Amino acid sequence: MSAETLMRSHRAGSLRTEHVGATVRLGGWIHRVRDLGGVVFIDLRDRDGLVQLSFDPKWTPREALAVAGSVGQETVVLVEGTVELRPEAARDATMSSRDVEVRVSAIRVVGPAEVPAIPVSRKEGEELPAEELRLKNRILDLRRPELQRNIMLRHRLLQRSRRTLADLDFLEIETPILTKPTPEGARDYLVPSRVHPGEFYALPQSPQIYKQLLMVAGYDRYFQIARCFRDEDLRADRQPEFTQIDIEASFVGAEDVYRVVEQVLVALWDEAGEPIVAPFPRLTWREATERFGIDKPDLRFGFEIRDLSPFVRPDAAEFLRSALAAGQRVRGILAPGMAGLSRKDLDHLTAAAKGAGAGGLIWARRSESAWEGQGTKAFGLEGLAALGGSAGDMLLAVAGADGVTSPALHAVRSDLVRRPGVQPSTPHAFCWVVDFPLFEHDAESGQFVPAHHPFTAPHPEDVEFLERDPGRCRALHYDAVYNGNELGSGSIRITDPAVQRTIFRLLGIAPDEIRRRFGFLLDGLAAGAPPHGGFALGFDRITMLLAGATSLRDVIAFPKTTAARALFEGAPTPVNAADLRALHLRVED
């Protein structure tokens, strides 16, 4: 669609050499002003970029020159003029309309602006203002070209995901925002009902139950660009309200879901100019945690974890022998080319391992002649030789239960791959992680909790263990992982109401509570449910990764802080007593 309106003929950043000689009308923001003693140059900005406006007594009326010499940054103006080629030496590579300028014949201020609280234009290398200040002045911050690029990329990715899923015969169906509290692992945001005193809606943590019920209702293939809400502690990659590409399909197995999700991801990366290929490799949850210490491994790098228990000497330190006697293991990473790590580096790696729960870090380095370091006492020269490796390698190891050694060695590995000179083997490493545990054991309550959510079907081979050994059950659950980031999760769902009740009971939910919280789901399943499964892709995170941003706040127009505050609009905020009374609420100190 053309950008032409009653006030403008083109966007400023869209002008090119083919427009030379044309008379144009532009509207935009004053980005920068340069007054060279009678001749004035202004960089005019809109969402397409920058163009230079030139004001010269030779072609600009006196009143227009006066406006150009007095106008301030971020003022909104309408201009009219003729497009001309810029001299080769004067062309600015940072401007989208670098080859041309507009010789202005008329300018009018339509949006006066105060002195901006934060700069929109920055010199190369100049640091941004503090994030809190930028969030308080989000309108100005959103004018930055890099944020505008991010938001426009977000738009393109949204449209591409819609087209891709529609072409795959998925129906876009909206599900309720005001719904029933059915906790899925985080706290719900509750909304009081004015017309039903003492009763509350919840904002959805996901459309999970509704999309399953749509399958029961026969809609076969559903998707939604879903807004979701979770009242939980925030991080750079988490917001209290977020967007996911939500998918569900009937008469499918896991392989069908993999193919659909891969097609969506291939399309999104293509939209961002990054071609990738499918299918993605697969690792079981056990294999991922064994080799990389985490269930979202970054496969761009080596430094895989190995079981070193067989190489521990019989006369090794007491803590090593005790760990092995208790059924624990000694595991480690043989890091090629890392023998040059300094004492300070090793102290840093030790701190990383301890921060993840390990008691310490065992190390040994291989010189041209032999192994050296404290690890020689633990493994002996023969054991170290049996590990293989080459001169210049470093062995880093920890002892303990897998629940300790996995996160500790993941922390060590993460530190190693960030070191100078360590290069990824590929820019894009996708994988599927499958066969997750169905349950996790909560140490505080002593009960089982769902590893993901309670609607995931158990692996058919493990159904027999549901009652007598629930911790042994695998789930028909799968995660998509990219460069060490979880992009989303999905599963094949439970369709038998009896199995669903069993899962609820194993989670410690009483029968009357099951009926109260999940009765509508169980009634739906009892009406005849087809086999179905689905997936949810974290759209904000995908956009952040494709934009090369470091925070979700850089790809969301109006984000919250890590304290869940919206600084620009000042939310949350106290509510007056009359409004609270209408909702049958009272705030207590």
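**Close-up views of a predicted protein model**

**View 1. Helix α9 packs against helix α11.** In this predicted model, helix α9 (residues 343-355) and helix α11 (residues 402-417) pack at an angle of about 145 degrees, and their axes lie 7 Å apart. Axes are lines fitted to C-alpha atoms, for helices over the stretch in contact, and angles run from 0 to 180 degrees between N-to-C directions. Helices (H or I, at least four residues) and strands (E, at least two) are DSSP runs, numbered from the N terminus. The crossing of α9 and α11 is right-handed; a crossing is right-handed if the near helix is turned clockwise from the far one by less than a right angle, and left-handed if anticlockwise. From α9, the residues H348, L349, A352 and A353 meet A408, A411, V412, D415 and L416 of α11. Sorted by class, this contact of α9 with α11 holds seven nonpolar, one polar and one charged residues. Here Ala, Val, Leu, Ile, Met, Phe, Trp, Tyr, Cys and Pro count as nonpolar, Asp, Glu, Lys and Arg as charged, and the others, Gly among them, as polar. Contact means heavy atoms within 4.5 Å.

**View 2. Helix α4 crosses helix α14.** The axes of helix α4 (residues 145-167) and helix α14 (residues 539-547) come within 10 Å and cross at roughly 125 degrees. That angle makes α4 oblique to α14, because angles under 35 degrees count as roughly parallel, over 145 as roughly antiparallel, 65 to 115 as roughly perpendicular and the rest as oblique. The crossing of α4 and α14 is right-handed. In α4, N150, L153, R154, L157 and L158 meet F539, D540, T543, L546 and A547 in α14. The contact of α4 with α14 has six nonpolar, two polar and two charged residues.

View 3. L168 is placed in the loop between α4 and β6 (171-172). With 18% relative accessibility, L168 counts as buried; buried means under 20% relative accessible area, exposed over 50%, partly exposed in between (1.4 Å probe, protein chains only). Leaving out residues up to four places away in sequence, L168 touches R221, V260 and Q263.

**View 4. Helix α5 is largely enclosed.** Eight of the nine residues of helix α5 (residues 208-216) are buried, so the rest of the structure largely encloses this helix. The buried residues are Q208, I209, K211, Q212, L213, L214, M215 and V216. Their cover includes β9 (221-229), β10 (241-250), α13 (511-526) and β22 (532-538). After α5 comes G218, with a positive phi near 95 degrees.

**View 5. The largest nonpolar core.** A nonpolar core is a set of buried Ala, Val, Leu, Ile, Met, Phe, Trp, Tyr and Cys residues joined through side-chain atoms within 4.5 Å. Of the 35 residues in the largest one, L265, W269, W432, L487 and L537 touch the most other members. Helix α6 (residues 254-271) gives the most to this core, with eight residues. Among the residues that W432 touches, not counting those up to four places away in sequence, are Y258, F280, P281, Y478 and F535.

**Notes.** Residues are numbered from 1 along each chain as its sequence is written, and side-chain values use heavy atoms, with hydrogens and water left out. As the model is predicted, local features need pLDDT of at least 70 and side-chain atom pairs count only at pLDDT 80 or more, while totals for chains, interfaces and linings use all residues.
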